[in-house]
Amino acid sequence: MHARAQDLLKLRELPELAPPPGVWERVLEGVGARAVARRLRRRVALAASVVVAMAAVPLAYVLTRPAAPPTVTLIRLAPDRVPWDETSYAPLMVESARLERVLAEMPAPPPLVVGTTSGTIVGLEDRIAYVDAQLSYAAARHLAPRYRRALWGERVELMNALVQVRFAQTQGF
Amino acid sequence: MPNPSPPVPAEIVDRARSGDRAAHAEIYAALGGPVFTLARRMLASKSLAEDVLQETFVEVICNIERFRGDADIGTWIKRIAINKCLMHVRSSWVSRRGPEIDEPAAEHRSGHVDDQMALERALERVPDVARAVVWLHDVEGFTHAEIGRLMGRTTSFSKSQLARAHGRLRELLEGTESQNETSLCTPELKTC
């Protein structure tokens, strides 16, 4: 091997080079810039989390809000309160009106509802509408009070069921 | 085994980890030279080596609290610098440029000045990847397996690049250079 080729073995002996002047100052600037960028990222992340939290609070409230306890005490099955009278349907009308008010005072349904619950409510409302149509027909035709009482009784039962389902809906079922 | 770096007292490392800027400066004073030398030899470019030196110590200071101390801090810092050098070596810009012959640092030369200058210049004319391999193997003490892993290649790749670098250095030092190998390097084919 040529003598100069022996220098291949002397790579380790090459002198160490001194860092050029000014690099340390640039290092400090770079560290400072990163610190600023890191703080900025943290602030942006914090702001984003606040925004998300602010958006999540109403959503969580809607999804998890408890039903007003008084609502539970207001719900009564009609047969318990309505005296049995084959000819008078006035108490049923009163009870039906009370249940309408209970229903009207219930909180609005959450934006996301269970499909089966929603279907049950629609089914009950359809049946109530059908009973109302029959009641209108009975009034127009002056049908027997017993027949009207039966219709009002059915309406009260349907309204009771609807209130129960709507109450369950507010509980997140 | 990797080439050991100048020792840095554990007390300084501890201070640095707690954010002591003076300790950071002491670590730079101790290891800035070895890191710059490593980068300059691997990249054969003063400007790129400066960039690597700067980027390495920015990263070191920003992440030193994560340094667990189970390895020598010099080894840890050199690893960071090597990764940054290899990023440059892999970049198309480095592969496409010709050898950047910087003026040797004359203040460090004495005794075998001519030999050392010749060796430095020869090293700078070795293709980028082969130069990085020969420095990592012959000076930093990495094994072929370690170099292969660092470069995302095989052990055989490291061996072949080392043989290529040695051959090229012999040609250059013996004055038997027959052609400019740099002109044969095509980044697209990753031959350099």
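A helix here is a DSSP run of H or I at least four residues long, and helices are numbered from the N terminus. With that in hand, chain B reads along its sequence as α-α-α-α-α-α-α-α-α. In other words, its secondary structure comes to 9 helices and 0 strands. Please keep in mind as we go that this is a predicted model.

The predictor gives the complex an ipTM of 0.77, alongside a pTM of 0.58. For chain B, the mean pLDDT is 82, and 78% of the residues reach 70 or more. The stretch to treat with care is residues 179-192 of chain B, where the pLDDT is below 50. Even so, this stretch has 19 contacts in the model beyond near neighbours in sequence. Where pLDDT is low, the predicted coordinates should not be read in detail.

Now for the fold of chain B as a whole. Of its 192 residues, 38% count as buried. If you take the contacts in chain B between residues at least 6 apart in sequence, 67% of them join residues at least 24 apart.

One of its partners is helix 4 of chain B, residues 73-90: the two axes come within 10 Å and cross at roughly 160°. An angle over 145 degrees counts as roughly antiparallel, so helix 4 and helix 7 of chain B are roughly antiparallel to each other. The crossing of these two helices is left-handed. On the helix 4 side, I82(B), C85(B), L86(B) and V89(B) take part, and they meet D128(B), V129(B), A132(B) and L136(B) of helix 7. By class, the residues of this contact are 7 nonpolar, no polar and 1 charged.

Helix 7 of chain B also meets helix 9 of chain B, residues 155-174, with axes that come within 8 Å and cross at roughly 100°. That angle falls in the range from 65 to 115 degrees, and the two helices are therefore roughly perpendicular to each other. From helix 7 the contact draws on V129(B), A130(B), R131(B), V133(B), V134(B) and H137(B). Facing them in helix 9 are S158(B), Q161(B), L162(B), R164(B), A165(B), H166(B) and R168(B). These residues divide into 6 nonpolar, 4 polar and 3 charged.

Helix 9 of chain B has another neighbour in helix 8 of chain B, residues 144-151. Their axes lie 7 Å apart, at an angle of about 105°, which makes helix 8 roughly perpendicular to helix 9. H144(B), A145(B), I147(B) and G148(B) of helix 8 form the contact with T155(B), F157(B), S158(B) and K159(B) of helix 9. The classes here are 3 nonpolar, 4 polar and 1 charged.

Finally, let us turn to chain A. Between the chains, 22 residues of chain A are in contact with 30 residues of chain B. Within chain A, V102(A) sits in helix 4, residues 90-105. V102(A) has 19 other C-beta atoms within 10 Å and is partly exposed, since a buried residue needs 20 or more. V102(A) and N160(A) are 58 residues apart in sequence, and their C-alpha atoms are 9.9 Å apart in space.

Methods:
Residues are numbered from 1 along each chain as its sequence is written. Chains are lettered from A and ligands numbered from 1 in the order in which they are written. This is a predicted model: local features need pLDDT of at least 70, side-chain atom pairs count only at pLDDT 80 or more; totals for chains, interfaces and linings use all residues. Axes are lines fitted to C-alpha atoms, for helices over the stretch in contact, and angles run from 0 to 180 degrees between N-to-C directions. Angles under 35 degrees count as roughly parallel, over 145 as roughly antiparallel, 65 to 115 as roughly perpendicular and the rest as oblique. Two residues are in contact if their C-beta atoms, placed from the backbone, lie within 7 Å. Ala, Val, Leu, Ile, Met, Phe, Trp, Tyr, Cys and Pro count as nonpolar, Asp, Glu, Lys and Arg as charged, and the others, Gly among them, as polar. pLDDT is the predictor's confidence in each residue, from 0 to 100. A residue is buried if 20 or more other C-beta atoms lie within 10 Å of its own, exposed if 12 or fewer, and partly exposed in between; C-beta atoms are placed from the backbone. A crossing is left-handed if the near helix is turned anticlockwise from the far one by less than a right angle, and right-handed if clockwise.
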